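Visitor: Could you take me through the pockets, cavities and helix packing of this model, one question at a time?

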Amino acid sequence: MKIAVLGGGAWGSVLASLLSDAGYDMALWEADRAAAEALARDRRAARSLPGHVLPPAIRVTADLTEAVVGRALVVVAIPSETVRAALASARAALEPSAVVVCAAKGLEPGTGHTMDRVIADAAPGTPVVLLSGPTFAQEIARGLPAAAVAASRDARAAELVQACLGSERLRIYTSDDVTGVAVGGALKNVIAIAVGCCDGFGFGNNARAALITRGLAEMGRLAARLGAHPLTLSGLAGLGDLVLTCTGELSRNRQVGLALARGEALGAITANLGHVAEGIGTAQTARALAERLGVDMPITCLTAAVLHDGKPARDGVGELLARGAGAERR
């Protein structure tokens, strides 16, 4: 089988490497021509994935058409805000039977659409699988064990991804709740920024646990409002990914929260990070979506206010702590 991965960052490089090691014919697309040439030459992305060497069999290109033509599986591992444009550009070159696998976790700015809907708009008729779960690229690259979920409305497409990517070290489960998996993967990044702030202010383990739990509750409210199954947010793409992103030191979004607690400006934080932290943009998009749908999401809304409205991080955390307590299951 011929497979393409779109995105030469950490996650794209790791997925391409896993698939190449499994024997698939691999192409890796990197949009930045200079970065693509460097990756093709050096086989390393030192900043995004230190120590990882790209297998020699992977063909790296900056030509999107060249990357996807003739490929049965196209894996999208680029920032969520660029997914629509990339798939629209690739559409004419996609094989009629190709399956698109989206490993991006976010909501589309402006529309608030989940990634499956974005891809369905950009490449109509193409089976879409969302790949999500608690998976730090650095640990996968080192061969450490992990589990993820492949969600699709097309059971055969989900099973194809399970077969291609699953191994003894990477257990892939399937799901038909695409909406729940999409919402969990996107919103956990927002909650992780809030938890990073909480930890940065030294509020302790009790506060962290409470914030994660209440964050899961508001993720579930939005997912249910959009038609997701209520138990999906208790799974790998919900609770699993939320705990990892909120507590793991490799989490970019957690690092954003820690930096906000130190009083750093958002522009400096993103410049120093060197990678995309999806929660920054998703916070604003999710706040607008929650307001439009009438869903109570206080953590998300206050995180968006800190990130985009100039609210001091300590004030945002203080407002959460001062909220009146009601019934837990509400």
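Visitor: How many residues of the lining of the second largest pocket are charged?
Guide: In this predicted model, the second largest pocket has a volume of about 570 Å³ and is lined by 20 residues. By class, that lining holds 11 nonpolar and two polar residues, while the number of charged residues is seven.

Visitor: Which element gives the largest share of the lining of the second largest pocket?
Guide: The residues nearest the centre of this pocket are R214, P298, I299, L320 and R323. At least two lining residues are supplied by each of α9 (204–225), α14 and α15. The largest share, six residues, comes from α9.

Visitor: Which element gives the largest share of the lining of the largest pocket?
Guide: The largest pocket has a volume of about 1,200 Å³, and of the 45 residues that line it, A10, W11, R252, H275 and V276 are the closest to its centre. Two or more lining residues come from each of α1 (10–21), α2 (33–42), α6 (137–141), α8, α10 (236–247) and α11. The largest share amounts to four residues, and the helix that gives it is α2.

Visitor: How many residues of the lining of the largest pocket are charged?
Guide: The lining of the largest pocket is made up of 45 residues. By class, 20 of them are nonpolar and 15 polar, and the number of charged residues is 10.

Visitor: Which element gives the largest share of the lining of the largest cavity?
Guide: The structure holds four cavities of 30 Å³ or more, and about 100 Å³ of space lies in the largest of them. Its lining has 13 residues, with A194, C197, L302, T303 and V306 nearest the centre, and by class there are 11 nonpolar, two polar and no charged residues. Two or more lining residues come from each of α8, α14 (298–308) and α15 (313–322). The largest share, five residues, comes from α14.

Visitor: Which element gives the most to the lining of the second largest cavity?
Guide: The second largest cavity, with a volume of about 80 Å³, has among its lining residues C102, K105, M115, V181 and G185. The elements that give two or more residues to this lining are β6 (128–132) and α8. With four residues, the element that gives the most is α8.

Visitor: How are α8 and α13 oriented to each other?
Guide: The axes of α8 (residues 178–200) and α13 (residues 278–293) come within 8 Å and cross at roughly 105°. An angle of 65 to 115 degrees counts as roughly perpendicular, and α8 and α13 are therefore roughly perpendicular to each other.

Visitor: How many residues of the contact of α8 with α13 are nonpolar?
Guide: On the side of α8 the contact is made by A186, L187, N189, V190 and I193, and on the side of α13 by E278, G279, I280, T282, A283 and A286. Three of the contact residues are polar and one is charged, and the number that are nonpolar is seven.

Visitor: Does N253 count as buried or exposed?
Guide: N253 lies in helix α11 (residues 252–261), and, leaving aside residues up to four places away in sequence, N253 touches N189, A192, I193, T245, A277, E278, G279 and I280. The cut-off for a buried residue is under 20% relative accessible area. Because its relative accessibility is 5%, N253 counts as buried.

Notes
Residues numbered from 1 in each chain as written. Predicted model: local features only at pLDDT ≥ 70, side-chain atom pairs only at ≥ 80, totals over all residues. Heavy atoms only, no water. Axes fitted to C-alpha atoms, helices over the stretch in contact; angles between N-to-C directions. Parallel < 35°, antiparallel > 145°, perpendicular 65-115°, else oblique. Contact = heavy atoms within 4.5 Å. Nonpolar A, V, L, I, M, F, W, Y, C, P; charged D, E, K, R; others polar. 1 Å grid on protein atoms, 1.4 Å probe; cavity = no way out; pocket = protein on both sides within 12 Å on 5 of 7 lines; lining within 4 Å. Points joined across faces, edges and corners; volume = space filled by probe spheres on them. Buried < 20%, exposed > 50% of the residue type's maximum accessible area, 1.4 Å probe, protein only.
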